[in-house]
Amino acid sequence: MPIEVFIHNPHGRGQRINTNRLVLSTQDADISLLNINEAISCLTAGMLNPDLGCDSLLVGTRTSLLAYDVYNNADLFYTGVPDGANSIVLGTLGDISSPLAIIGGNCSLQGFNYEGKDLFWTVTGDNVRSLALCDFDGDGKKELLVGSEDFDIRVFKEDEIVAEMSETETITALTPMSPTHFGYALANGTVGIYNQAARYWRIKSKNHAMSIHAFDINSDGVCELITGWSSGKIDARSDRTGEVIFKDNFAASVAGIVQGDYRMDGNTQLICCSVDGEVRGYLPGSQEMKGKLMDTSVEQDLIRELSQKKQNLLLELRNYEENSKQVELNTQVNEVDGQRGVIPANTQLQTALSVSLGSETESAHVELCISTSNDTIIRAVLIFAEGIFEGESHVIHPSPQNLSSNIKVPLCPPKDVPVELNIKAFVGYKKSTQFHVFELSRLLPRFSMYLLCSPDSGTRPLSFVKFTLSERVQMVIMWLKQSFLLPEDVEMQNESFEVCFTSLRDTGQLYIRMNSSGEISINTDNIDLAGDIIQSMASFWAIEDLQAEADFPVYFEEVRKALVVVDNSHAVCQKLTANMADSSNLIRSMLVRAEDSRLMGDWKNMRKRYMELYDLNRDLLSQYKIRCTNHTELLNNLKAINQAIQRAGNLRVGKPKMQVIAACRDAIKNNSVNMLIKIMHLGTTSS
């Protein structure tokens, strides 16, 4: 990992002074090196202090954040960040007037102004991997886009989550494109663009996207998505269609992409850098090129497009001819022989979803049954579903001996999110050479991995969350039928009801009750599930604010233990740091004495002191290993605490949710474990 920042400035030669922090390169007068002495995890530059009139450099490490004024060679601030800085973005957020340096770390988000004051803090679901500021809802104010390791993109309006999109891999990069539009990249090589919470397009490559950026490369007034790949390729894609309009290649993987008036001639360039240090700048195409940046003419593109259409039409014509031959054959051959090729016009493809407990050979799952409405057979099925299948698609191709008019497909969604199943089926007869393709979609409910069972008060979990809604019982029943896979013949009372579900993942019990006064109680030992149910209900009825009382005794006790371990880890860290400082001073002193003995020819004392120096160094290395182990344990427990705050907030909606998160943080600052548990339990600090 790098411990120096490479700064190239050909416009201010000889203006800098060598200090402990910034030194001139011995090889090039245009280059300076900024010493950090820690592994750098993220880096950005921008206007943090408008009064300075110049950009500031922000450097994040696993334990600290440095804001540096390169032009005046001075630190703006240096602060410790216990949750680390995995990603960083600079700009204004919501109604906060001062520009913020926002860092994403161990399940937390933190924003600092130019003085190093902490003006923004909240928690998110998992370790943060990417950040971006974008006017997501088009209200003229910036929202914070957060991509994390749990495959989710969350949108924060200050400290409130206003949207959440689930992807299929870790979100490695985010970039604003235009108001309400933003680009994203995943760890599996996918890049694409969202318009608010709706995906515009996406493509997937066998290479990894190392960096993405928004830049108007063809001068049409709309930014394209620029992607730098691990293969060294740079491409620019239309924000509307994903079509490649420009590309170039480096000899090595792309390291980063930025933009700026690097030549100071009034023209903004797109600047790309590879991992081996090669830097290239690209100017936008001229208006005369009319957006055509590739080495092809309009005529060539048109000829290629028409040629492709011709091939498709010829293939379609050949299929029609084959089908007509089969129709003629049917009049001559007995249909019992199964020689038919054209399926009846009234053939329909039907789907059904059910919950299966599995068997000895297969685990519990959701079962998708695909069938035809007559004696035609299904030759093959292609199912596309995000997050369920490896590679996002699944093909079923029965052997000739097992062909039938129905196919059953087991589905095991790993997360409680609604999934759209896009199905394509080849339908025909056993000896058909031509097949009809049916295409249809089916929505898999959010809580499909839960099986309805008979309530038993003896198995009801002790953990619960309860709240009151003004909705009628019939509306709650409607939500249940939309969110779960319930049998068609299930009946519920209209005044009050209680339903019980068993999780197909871990056999955990879930009870949902509602009485005639509108009080709903959810009994489950899974606090994440309880939060998901509350958020689903709030979305279904467009609830803006919802307070709730919760008690998860086993989980709250784990949080209490984690806080105790964090306190102990901080104490051990301080002690180890002091011991290492003492050992370092002793080593320096011993080294001087050993060298004095060597210069005086006192070989006996020199040997003795070097042996003592060896022992001291060994002890120092041992203390360092202990400190690393302690730091890893500290980070794991800090992550658990941040996730606990996120989960406690997820049990509420709107203002009560923000109040819980803010109050939990204050309780941690004041080292009040009992107050933290009380806030998670009641949702407020008052009795």
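Helices (H or I, at least four residues) and strands (E, at least two) are DSSP runs, numbered from the N terminus. The model is predicted; local features need pLDDT of at least 70 and side-chain atom pairs count only at pLDDT 80 or more, while totals for chains, interfaces and linings use all residues. Residues are numbered from 1 along each chain as its sequence is written, and side-chain values use heavy atoms, with hydrogens and water left out.

Helix H4 covers residues 553-599. With an expected span of 1.5 Å times one less than the number of residues, its 47 residues should reach 69 Å, and the end C-alpha atoms are 68 Å apart, so the two values agree. Just after H4, Gly-601 adopts a positive phi of about 75°. Further along, the unreviewed UniProt entry lists residues 655-680 as "domain: BBS2 C-terminal helix bundle"; UniProt positions are given in the numbering used here, feature names are shortened, and annotations may be inferred rather than shown by experiment. This segment is 88% helix and 0% strand, with its end C-alpha atoms 15 Å apart.

Nonpolar cores were defined as sets of buried Ala, Val, Leu, Ile, Met, Phe, Trp, Tyr and Cys residues joined through side-chain atoms within 4.5 Å. Buried means under 20% relative accessible area, exposed over 50%, and partly exposed in between (1.4 Å probe, protein chains only). The largest core has 60 residues, and Leu-480, Phe-484 and Ile-512 have the most contacts inside it. Helix H3 (residues 527-541) supplies the largest share of this core, eight residues. A second, separate core of 29 residues includes Val-381, Ala-385, Val-409 and Leu-485. For Ile-512, contacts (heavy atoms within 4.5 Å) beyond four places in sequence include Trp-479, Leu-480, Phe-484, Phe-497 and Ile-533.

Strand E29 (residues 377-384) is mostly covered, with six of its eight residues buried. Strands pair if DSSP finds at least two bridges between them. Seven bridges connect E29 to the antiparallel strand E32 (residues 419-428), where Ala-425 stands opposite Val-381. E29 is also joined by four bridges to strand E30 (residues 393-396), again antiparallel; in E30, Val-395 is the bridge partner of Leu-382.

Gly-358 lies in the loop between strand E27 (349-356) and strand E28 (365-372). Its relative accessibility is 32%, so Gly-358 counts as partly exposed. Apart from neighbours within four places in sequence, Gly-358 contacts Ser-363, Ala-364 and His-365. Gly-391 is 33 residues from Gly-358 along the chain, and their C-alpha atoms are separated by 24 Å.
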